[in-house]
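Have a look at the sequence and the structure for a moment, and then we'll walk through a few side chains together.

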Amino acid sequence: FELILNQVEAPTDGRAGHGRLFIGIQDDQLDAFRQHLREHRINGSITHWGNPTLLIQDMDENEFFFWFPDGALAELEAELATDQRS
């Protein structure tokens, strides 16, 4: 877990929120986390932050980065792509 309250750099200068939150998801948390995303219709995108990473932005464009155990992100990426087409 890492929290950056005020990330200021060229790409974020004009953004209202400058916060960044980094969270590692463990194997035993995967199912509950994925269910929470589905139930609350939380959209995200896959980005590269050292490794493939789920990025979710709030209404102020604060960034929430989630790292997953090996292989787990590929399933979530496919699920996100399916949800976006529906």
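So, which side chain does the side chain of Arg20 make a polar contact with? It's the side chain of Glu63, at 2.4 Å. By polar contact I mean a pair of N or O atoms within 3.5 Å; within protein, one must be able to donate a hydrogen and the other to accept it, and residues adjacent in sequence count only if both atoms are side-chain atoms.

Quick housekeeping: this is a predicted model, where local features need pLDDT of at least 70 and side-chain atom pairs count only at pLDDT 80 or more, while totals for chains, interfaces and linings use all residues. Residues are numbered from 1 along each chain as its sequence is written, and side-chain values use heavy atoms, with hydrogens and water left out.

Back to Arg20: it sits in strand 2, residues 20–24. Strands here are DSSP runs of E, at least two residues, numbered from the N terminus. Arg20 is buried, at 7% relative accessible area. Buried means under 20%, exposed over 50%, and partly exposed in between, with a 1.4 Å probe and protein chains only.

Now the rings. Rings of Phe, Tyr and Trp (its six-membered ring) pair if their centres lie within 6.5 Å; planes under 30 degrees apart are stacked, over 60 edge-to-face, the rest tilted. That rule gives four aromatic pairs. In one, Phe22 and Phe65 have centres 4.8 Å apart and planes at 10°, so they're stacked. Phe22 is in strand 2 and Phe65 in strand 5, 43 residues apart. Phe22 is buried at 3%, and Phe65 is buried at 3%.

Terms used: Helix = DSSP H or I, 4+ residues; strand = E, 2+ residues; numbered from the N terminus.
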